[in-house]
Amino acid sequence: MTISTSTLIISSLLLFLSLTTPLFSAIRRRPHLPREGEEEGSEDTDTSMPMLTIVLTPQGDYRQLDEHLPLFLTQDYAPGYEIIVVSSLGDSGVDDVLKRYRDHDNLRTTFIPETTRYMSHRKLAITLGVKAAATEWILLCDPSCKPLSQRWLYSIATHCHSERDMVLGYVRFGMEAPMYYHFERFYTTMYLFRESLQNIAYRTNCPQVLFRKSVFMSGQGYQGNLKYTIGEYDFMVNKYAEHGNCSVSLSPTSWMEEDVPSEKGWQNKHIFYQEIREHLSRSIRHRFLYNMDHTLLHGFLLLVLLTLIYSTITLNYVLIGAGVFCLVLNYTLRYRQYKSAFAEYSIPVKAHYGVFYEWSMAWRAIRTRIRYEYADKFDFISHKV
């Protein structure tokens, strides 16, 4: 049987793409976790580490605050720390929770004025918490998150160096979350963390940020984006992370776990991000790598599909075999990447699901964009006209 030149060229191209496209992946570029004891300091460094302030801003999340507050209050952190809870005045649910923990000397509270209008209440709450903090280093996280270790605070504080102004922490979902939630949080985080470690941080999708009070105050806090109802962490990182001043804490002892959002909350967060990214600096630069990866991925899949259609019509069995082989080869390489990555980060997603989830991400993004285009744009801001 004679194999035509065109068959050889197409088969060679498919083989080349099947071997190289898996190299263009956030999973392959992921930051690797430090070995045990590699990132965390020794006991004799406790006295040189700074005191910290944890700012929590429950907005009707008193049940989550009640469940998670004990884990914040019992951290093993010798230098000392305080917790500031900022809530709306008259929030009886939060008030009842705080009364049960009033014996803790390091727990403080402040309130949002009732007359506040035309600005994000959560951004205002964060600003008030920062102003009330007695320390230079402040750790902002959501009441919906809980530390996974009593050494959580110590582990992330090891990054508080003179040349750093900000530290990003990893937050995963609870084990009961749908597998796609786990996958997308991990997949997106790998892009953002790599960028933070190598260039200038763009934003974070993990609600855990440690930063300097002086930097936040000198930059006038959220000035310029107070009207947007969400995006507290995105705007903070985008505005204050400069080249070389942002670190990432990857040690598992510094991880947090976030309560699983409702399906509506999950969808709304993605729709709202479509609005937020229009107002973030470096958006084009950030999306270039993601768009390149998915263009190559879907370009390969489209080429395989067209090859299989053409070879089936022309009964070119060699080309059919080459197309199927290259598709399986590409899948296998990606499967191995996901199996290794999920094991390293303890992600409860089967590796074969990871491959198909990656293939589906572009289509999910298109669906979200369509929903955004049809959304009422006044839903994204506090200025209701």
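Is Ser311 buried or exposed, and at what relative accessibility? Ser311 counts as buried, because its relative accessibility is 0%; buried means under 20% relative accessible area, exposed over 50%, and partly exposed in between, with a 1.4 Å probe and protein chains only. The close-ups below come from a predicted model, in which local features need pLDDT of at least 70, side-chain atom pairs count only at pLDDT 80 or more, and totals for chains, interfaces and linings use all residues. Residues are numbered from 1 along each chain as its sequence is written, and side-chain values use heavy atoms, with hydrogens and water left out.

**Figure 1. Overview of the protein chain.** The chain holds 12 helices and 10 strands; helices (H or I, at least four residues) and strands (E, at least two) are DSSP runs, numbered from the N terminus. Its C-alpha atoms fill a box of roughly 85 × 55 × 35 Å along the principal axes. Of its 385 residues, 51% count as buried. Among contacts with a separation of 6 or more, 83% are between residues 24 or more positions apart, where contact means heavy atoms within 4.5 Å.

**Figure 2. Strand E6 and its two partners.** Strand E6 spans residues 166-169 and is covered on both faces. Met166 and Leu168 are buried on one side, and Val167 and Gly169 are buried on the other. In a regular strand the side chains alternate between the two faces of the sheet. E6 runs antiparallel to strand E8 (residues 208-212), to which three bridges join it; two strands pair if DSSP finds at least two bridges between them. Leu168 has Val209 as its bridge partner in E8. With strand E9 (residues 246-249), E6 runs parallel and is joined by four bridges. The partner of Met166 in E9 is Cys246.

**Figure 3. Helix H8 within its surroundings.** H8 is largely enclosed by the rest of the structure, because eight of its nine residues are buried. The buried residues are Glu232, Tyr233, Asp234, Phe235, Met236, Val237, Asn238 and Tyr240. They pack against helix H4 (121-132), strand E4 (137-141), E6, E8, H7 and H9.

**Figure 4. The second largest pocket.** About 150 Å³ of space lies in this pocket. A pocket is defined on a 1 Å grid over the protein atoms alone, as an open set of points where a 1.4 Å probe fits, with protein on both sides within 12 Å along at least five of seven lines; lining residues have an atom within 4 Å of a point. Grid points are joined across faces, edges and corners, and the volume is the space filled by probe spheres set on the points. The lining consists of Tyr191, Arg194, Glu195, Asn199, Arg285, His286, Phe288 and Leu289. Helix H6 (179-198) and helix H10 (283-313) are the elements that give two or more residues to it. H10 gives the most, with four residues. By class, the lining has three nonpolar, two polar and three charged residues; Ala, Val, Leu, Ile, Met, Phe, Trp, Tyr, Cys and Pro count as nonpolar, Asp, Glu, Lys and Arg as charged, and the others, Gly among them, as polar.

Figure 5. Ser311 lies in helix H10. Not counting residues up to four places away in sequence, Ser311 touches Asn316, Leu319 and Ile320. Glu358 belongs to helix H12 (residues 351-374) and counts as buried because its relative accessibility is 2%. Leaving aside neighbours within four places in sequence, Glu358 is in contact with Ser25, Phe183, Tyr187, His294, Leu297, Arg334 and Tyr338.

Figure 6. Most residues other than glycine have a negative phi. Gln220, in the loop between helix H7 (213-218) and helix H8 (232-240), has a positive phi near 60 degrees. Gln220 is exposed, with a relative accessible area of 58%. Arg282, in the loop between helix H9 (263-276) and H10, has a positive phi near 70 degrees and is partly exposed at 25% relative accessibility. Met175 lies in the loop between strand E7 (171-173) and H6 and is partly exposed, with a relative accessible area of 42%. The C-alpha atoms of Met175 and Glu257 are separated by 9.0 Å, although these residues are 82 residues apart along the chain. Beyond its neighbours within four places in sequence, Met175 is in contact with His182 and Pro348.
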